[in-house]
Number of protein chains: 2
Amino acid sequence: MPKRVDHQERRETIARALWRVVDQRGILRLSLREVAAEADMSHGQIQHYFASRQELLSFAMDFAAEQTGQRVARGLQALGAAPHPRDVLRLILIEMLPLHDDARATSRMNAAYVLEALHDNMIRDRAREGLRQGREQVRVLIAQAIADGKIARDRDANTETDRILALTGLTPLLDLEVIKPGDALAAIDQHLDELFTS
Amino acid sequence: MPKRVDHQERRETIARALWRVVDQRGILRLSLREVAAEADMSHGQIQHYFASRQELLSFAMDFAAEQTGQRVARGLQALGAAPHPRDVLRLILIEMLPLHDDARATSRMNAAYVLEALHDNMIRDRAREGLRQGREQVRVLIAQAIADGKIARDRDANTETDRILALTGLTPLLDLEVIKPGDALAAIDQHLDELFTS
């Protein structure tokens with residue numbers, strides 16, 4: 001089905017153009033006109049692929065989440081069979097923080113998307129569902145590590161999951177260069193050390 | 001000097017209008033035109049108080065930081081003389097998270113400001129300086145608690161400071177209602193318990 005592949009490719013091209021606009025010029029400059037110019041397409045061509053700005057934003061965000069998922073999957077492969085949950089959590093956190101170019105782009109896209117979600121019910125529902133699913137994956141991993149005795153049994157899986165996800169709060173410190181990547185890694189490692197040894 | 005007071009009052013009125021635009025309609029709708037309409041003023045009147053959009057954004061952010069500072073100061077007064085550093089950190093974190101209306105408005109303003117900072121050098125310098133100062137206040141408090149033996153002496157003040165500030169990463173989970181305020185407080189309390197008892 002070459003037509004469908006082209007359609008998907010074109011949508012990804014547009015999504016990447018949207019990322020570049022957000023990444024280079026900021027969310028305030030985000031309009032279909034700017035994205036069209038960046039993708040070297042007309043406004044009408046973009047509308048052929050996305051009926052609305054929300055639809056484009058949601059696709060770009062799903063695509064960003066997919067890219068992050070693929071980076072995590074590649075990292076997991078490198079960890080080999082039955083990786084330690086500590087290493088899995090470290091990998092997930094590193095890919096969620098703006099520590100390299102691809103992660104920086106998806107991290108900024110994500111921050112912009114959450115702000116938009118506060119004012120758009122459709123985007124809000126999708127963003128919430130995505131975050132819920134991501135949180136649930138981490139929770140299952142932590143609950144299993146507690147059951148396996150790798151994390152102390154008196155730990156609460158929900159609270160520890162929220163604390164892990166909260167480490168994405170290092171993002172503004174990194175983006176504004178108040179701390180260095182090594183500082184963020186030190187905070188992550190200290191946190192994981194305590195979680196897995198207590 | 002009634003004139004100067006009027007000027008400052010007018011600037012605060014405009015800043016609050018800007019918050020409302022960001023809070024109710026989102027950062028994407030933020031323009032001087034929208035802010036002028038919300039403040040019931042003309043574009044020209046706004047320009048009399050702020051020469052540029054950046055100047056208005058920076059003022060609104062400084063004003064938000066000031067408001068947060070005042071809420072923390074009021075909370076500190078309620079804690080009495082020589083409050084325990086654990087209570088001080090808890091208070092700061094609660095006022096930084098979107099757990100009540102005022103804190104929600106400043107939290108969203110802050111997220112929008114950080115995104116803008118990535119694409120505007122003037123805003124970036126001011127945002128970075130503000131974050132640096134806030135981080136330094138927390139670091140001094142933690143370093144003192146380590147020196148006083150309230151936090152274990154083998155803890156690193158910089159790493160523990162970054163971990164405390166990282167707890168603002170609970171913001172998207174709260175904003176998208178993936179977790180409840182009580183869950184965020186549980187994560188904060190668990191973190192502070194470990195920091196102060198180990």
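Reader: How many residues does the contact take from chain A and from chain B?
Author: The model is predicted. In it, the contact takes 49 residues from chain A and 49 residues from chain B.

Reader: What area is buried between chain A and chain B, and what share do carbon and sulfur atoms give?
Author: About 4,200 Å² is buried between the two chains. Carbon and sulfur atoms give 65% of that area.

Reader: Why is the pair B:Arg124 and A:Glu177 called a salt bridge?
Author: The closest N and O atoms of B:Arg124 and A:Glu177 are 3.2 Å apart. The cut-off is 4 Å, for a side-chain nitrogen of Lys or Arg and a carboxyl oxygen of Asp or Glu. The pair therefore counts as a salt bridge. Across the interface of chain A and chain B, the rule finds eight salt bridges.

Reader: Which element gives the most to the side of chain A that touches chain B?
Author: That is α6(A), with seven residues. By class, this side of chain A has 23 nonpolar, eight polar and 18 charged residues.

Reader: What makes up the lining of the second largest pocket, by class?
Author: Its lining has two nonpolar, three polar and nine charged residues. Asp and Arg count as charged, so B:Arg16, B:Asp101 and B:Asp102 fall in that class. These three are among the residues closest to the pocket's centre, as are B:Trp19 and B:Ala105. The volume of the pocket is about 300 Å³.

Reader: Which helices of chain B each supply at least two residues of that lining?
Author: They are α1 (2–25), α4 (53–79) and α6 (101–117) of chain B.

Methods:
Residues are numbered from 1 along each chain as its sequence is written. Chains are lettered from A and ligands numbered from 1 in the order in which they are written. This is a predicted model: local features need pLDDT of at least 70, side-chain atom pairs count only at pLDDT 80 or more; totals for chains, interfaces and linings use all residues. Side-chain values use heavy atoms; hydrogens and water are left out. Contact means heavy atoms within 4.5 Å. Buried area is the accessible area (1.4 Å probe) that two parts lose on being put together, summed over both. Helices (H or I, at least four residues) and strands (E, at least two) are DSSP runs, numbered from the N terminus. On a 1 Å grid over the protein atoms alone, a cavity is a set of points where a 1.4 Å probe fits but cannot get out, and a pocket is an open set with protein on both sides within 12 Å along at least five of seven lines; lining residues have an atom within 4 Å of a point. Grid points are joined across faces, edges and corners, and a volume is the space filled by probe spheres set on the points.
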